Amino acid sequence: MAPRTLPKTDVLIIGGGWTGLTAAYELAHAGQRCVVLERGKQRHTATSFGAPEEHDELKYAHRYEHMVDVKKETLTFRHNRDQQALPMRRLGSFLPGSGLGGAGIHWNGQLWRPLPSDLEMRSHYEERYGKDFIGPDLSIQDWGVTYDELEPHLDFFERICGAAGQAGNLNGEALAGGNVFEGPRSADYPNPPMRQPISNTLFGKAAERMGLNPFPMPSANVTKAYVNPYGAQLHPCTYCGFCERFGCGYYAKADPIICVYDRIKDHENFEIRLNAQVLRIEKSEDGKTATGAIYLDENGEEVFQPADTICMNAYALWNVHLMLVSGLGKPYDPETRTGVVGRNYSYQTVAGVDAFFDDSVKTDPYMGAGALGVVIDDYNGDNFDHSDLGFVGGGYIACKQYHGRPIGYQPVPEGTPKWGAEWKRAVRENYNHHADLVVHGSSVSTPENYLDLDPTWTDAYGRPLLRMTFDFPENDRKMSDYVMQRAMEVAREMDNVTSVSGSNNAAIDSHYDIVPYQTTHNVGGAVIGTDPETSVVNRYGQMWDHHNVFVFGACLFPQNLGYNPTGPLMGLAYWTLEHMKRDYLPNPGPLMDA
Amino acid sequence: MQHAFAARDDRPWAFFTNDEARWMAAVVDVFIPQDEFPAASQAGVVDFIDYQMATAYGAGKGLYLEPPFPDGAVAEQGYQLEFTPAQLLRQGIEQARQLGDFATMDATARADHVEDLSNRDDFIGTLIAELWKLTRQGYFADPIYLGNHDYAGWRMVGFPGAHAYYTERVDEHERSVTPPPRGIAHDRGGSPYPPRAIRGGSD
C-alpha cells in the first residue's frame with residue numbers, strides 16, 4: 001500500500017536533539033514551516049529527570065534507559081575487511097540516545113571549542129613539518145571552514161548553554177588561569193568556572209609545578225542562575241554526580257529540551273512528531289534533489305512527508321545509515337578508494353590514569369559533575385612539537401570527578417585480584433582516595449576505517465544494518481601512549497599520591513573493543529569539505545549531490561579532534577543555519593561550485 | 001503492602017529453583033565473601049539476580065538476538081550467544097553443576113573452582129562473567145532492586161545515595177563526615193524485604 005502523503009512543509013528536520021531542535025528554532029523564526037520527526041518518545045527535563053528517581057544508577061547507567069534500543073537499530077562491527085562483521089548485540093563502547101533531546105540530555109556537558117589548527121589539520125601539519133609528514137595511510141583533510149569563521153557560532157552556543165569557564169585568550173589577549181592554547185574568543189564565558197574538589201585541585205597544582213598550564217574544564221554544567229539568549233532559565237549545578245547517562249532535573253546541565261525546545265514548541269511554524277521513525281529519504285526523478293521522507297508514525301503506518309528542504313539531524317552514525325539506505329550521495333568503496341558516504345569514519349582515543357592518595361586526602365567522589373575537571377592542553381592538537389614523535393594529533397589530560405556511583409566506580413590499584421576478599425578490601429579502601437585522570441585524544445581517519453551497509457543483518461524495519469569497519473590507526477596508538485605517559489608523570493607529581501597506573505583503550509598491540517564504554521564520540525562518514533571527491537557536503541553543510549539536503553552533527557568531522565564534539569558540531573550547525581537563512585532559502589541552489 | 005506477617009512468610013524465588021539459588025549463593029560469595037561487611041548473598045545479591053532474571057533484563061531487553069550466530073567471532077565483537085540472560089543462567093547453571101559440587105568444597109576449593117569455570121572458553125566462561133557483572137550490580141545498586149540490603153554496599157564504600165546536593169561542599173577540602181546512605185525509596189534499610197534464606201546454606 002502506498003504511504004499516506006501529507007501536505008508539503010518548508011523544512012523537514014530528521015532528529016529532535018541539539019542540532020535538530022536548534023535548526024527548527026532558527027528556521028521557524030526565519031519564516032520557514034518546520035516539521036521535526038523524532039523516532040523516540042516525548043519526555044521533559046521537568047517531569048522525566050527529577051531526583052531521587054533519576055538517580056538510579058542501575059536503570060540509567062547500566063540498563064541504558066535513555067539510550068537507543070538495539071533491538072530496533074544497531075550496527076555490525078569488524079576490525080578489518082578480512083573479518084566478518086557481527087552485530088553489536090548490546091550497547092557498550094558508545095551510547096547513542098533516543099527520545100526528545102536525543103543524546104543531548106545525557107551528555108556530560110564538556111563544552112569545547114576546536115583549536116584553529118584542528119580545522120586545518122592537513123595544511124597546518126604540512127606547513128609546519130613538511131609535505132610528507134602525514135603518512136600516505138592517513139586520509140586527514142581540512143574541514144573547509146576556519147576557526148575565525150566558526151568563532152561567532154561557537155560563542156553563541158556557549159551562551160545557549162550558559163557555559164562556565166575561564167577564558168585564556170580574549171580577542172588575542174592572554175588571560176591567566178585559562179587555556180593558553182585556545183583560539184581567540186570574542187567574549188568571555190557567560191558564567192564563572194565550577195568549584196573544584198580536592199583531587200582536581202591537587203592535579204592543577206602538580207601540573208603548574210611542572211611548568212604546564214592547567215585550567216578549569218569548560219562546562220555546560222551551569223554555575224549561576226542564568227537566562228540564555230532564547231529566554232531559557234538555567235540553575236546552578238548541585239554536583240550530584242548523576243550527569244553522564246542521566247537527564248538533569250535540576251535544570252543545571254544545558255540540554256536541548258530546556259534550552260531550545262521549550263522556547264520554540266509553541267511557535268506557529270514549529271511542529272514535532274514523536275515516535276516517528278524515518279525509514280528513508282526520497283529523491284526527485286532527476287535525482288538532484290530530495291523530495292521528503294517516508295516514516296513510520298506512532299501507529300506504525302507508513303507516511304510520506306514532502307518538503308522543500310531537508311535537514312539531517314540524526315546521531316552521526318544514523319545520518320550516514322540514512323544516506324546509505326536512501327541512496328543519497330555516492331557510497332565509499334575502500335577497494336577503489338572512491339565514493340564518499342561512509343568514508344573517514346573515526347572515533348576517539350581514550351586512556352585513563354588512576355592515582356591513589358594516602359589516607360590524608362579524602363576525595364568524596366560522589367560529589368561530581370559531568371564537566372567537573374582541571375585540564376592541561378599542553379599535549380593536545382599541535383600544541384607541542386611533533387617533529388620527532390612519529391605521529392600527529394594529541395589529547396587533553398584532565399583530572400575529573402564526574403561521579404562516585406558505586407557500580408561503575410570501583411577504582412583499585414594495579415595488581416588487585418579481579419574478585420574475592422582482597423578485591424573487596426581494595427574497593428573499600430580506595431573509593432575515597434582516588435584521582436581519576438583521562439587522556440582524551442584525537443583519532444585520525446584512514447582509507448580502511450569506514451561505514452557501509454551490512455549484507456546479512458537487518459534492523460526492526462527490514463533495512464540492512466550499518467556496518468562499521470574500524471580499528472585504531474597505528475598513529476593514534478603511538479599518540480595515545482605518549483600522552484598517557486605524560487599524564488602519569490603529572491599523576492606521580494601530585495601530593496600524597498602512593499600509586500599510579502594507566503590503561504589505554506587504544507594500547508599498542510591491542511584492538512578496538514566494542515564492549516567497554518569509551519565515548520559516544522563517533523565521527524565522520526559524511527564529512528565536510530571543499531572537494532566533492534573527498535566530502536559528502538560542501539563547506540556549508542550542503543550535500544554536493546542534492547542541494548536541498550543539509551547535514552548536521554559529528555558525521556561532518558573529517559577526522560576526530562582531541563576534544564568532545566558537541567561544541568564544534570554546534571558551531572558548525574549555527575554556521576550552516578546562517579548560510580541557509582541568508583543565502584540558500586532566498587535562492588535555493590548549490591552554495592558552492594562542485 | 002501485604003498484611004503484617006507477609007514479610008515473614010517464606011517468599012518463593014521468582015526465577016530460580018532452590019538448587020539454582022544455592023549454587024548461585026556459592027558463586028556470588030566467592031566474588032564477594034563476608035568480612036566486616038556482608039557477603040554478596042547476605043546483602044541480597046541472589047535476590048537481586050533472581051528479580052533481574054524474572055523481569056525485562058532477563059528476558060533480553062536491550063539485547064539484539066537476530067540470527068545468524070556464526071562461529072569465529074573475536075572477543076572485541078562482544079556477546080554473540082543466542083541466549084537471553086535468563087536462558088544463559090538456566091542452561092549455564094545446569095551444565096556448570098555437572099562440573100563440580102560446591103557442597104563438598106571448602107572456601108578455597110570453591111574459589112579455585114569458580115576461577116576454573118571463569119577461564120573456560122565456552123559459554124560457562126560467559127556465564128561467570130555475566131554473574132560477576134550482576135553481582136557487582138546487586139551489591140551496589142539501589143536497594144529497590146532487592147540487593148544492597150540495608151545499604152551494605154553503600155556503607156562499605158561510603159556512598160550517600162540518591163539524595164545528592166553538594167553545591168556548598170564540593171570545594172571544602174577539609175570536610176565533614178559522609179552523610180548516611182539514603183536510597184530512592186527513602187526507607188531506613190532501602191527496602192522492606194530482607195534477603196531470602198538460602199536453603200541448605202551457601203557455606
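This is a predicted model: local features need pLDDT of at least 70, side-chain atom pairs count only at pLDDT 80 or more; totals for chains, interfaces and linings use all residues.
Residues are numbered from 1 along each chain as its sequence is written, chains are lettered from A and ligands numbered from 1 in the order written, and side-chain values use heavy atoms, without hydrogens and water.

Visitor: How many helices and strands does chain B have?

Guide: Helices (H or I, at least four residues) and strands (E, at least two) are DSSP runs, numbered from the N terminus. From that end the elements of chain B run α-α-α-α-α-α. The count is 6 helices and 0 strands.

Visitor: What percentage of the residues in chain B is buried?

Guide: Buried means under 20% relative accessible area and exposed over 50%, with partly exposed in between (1.4 Å probe, protein chains only). The C-alpha trace of chain B spans about 55 × 40 × 35 Å along its principal axes. Of its 203 residues, the buried share is 51%.

Visitor: Is B:Ile93 buried or exposed?

Guide: B:Ile93 lies in helix H3 (residues 85-98) of chain B. Leaving out residues up to four places away in sequence, it touches B:Phe16, B:Glu20, B:Trp23, B:Met24, B:Leu88 and B:Leu127, where contact means heavy atoms within 4.5 Å. Because its relative accessibility is 1%, B:Ile93 counts as buried.

Visitor: Is B:Val177 buried or exposed?

Guide: B:Val177 sits in the segment after helix H6 (152-157) of chain B. Its C-alpha atom is separated by 9.5 Å from that of B:Gly158, 19 residues apart along the chain. Because its relative accessible area is 68%, B:Val177 is exposed.

Visitor: What area do chain A and chain B bury between them?

Guide: Buried area is the accessible area (1.4 Å probe) that two parts lose on being put together, summed over both. The contact takes 66 residues from chain A and 72 residues from chain B. Carbon and sulfur atoms carry 58% of the buried area, which comes to about 5600 Å².

Visitor: Which three residues supply more than any other three of the area that chain A buries against chain B?

Guide: Their share of the area that chain A buries against chain B is 16%. The three are A:Arg89, A:Arg90 and A:Trp419.

Visitor: Which residues does UniProt list for "domain: Glucose-methanol-choline oxidoreductase C-terminal"?

Guide: The feature comes from an unreviewed entry; UniProt positions are given in the numbering used here, feature names are shortened, and annotations may be inferred rather than shown by experiment. The record lists residues 447-573 of chain A.
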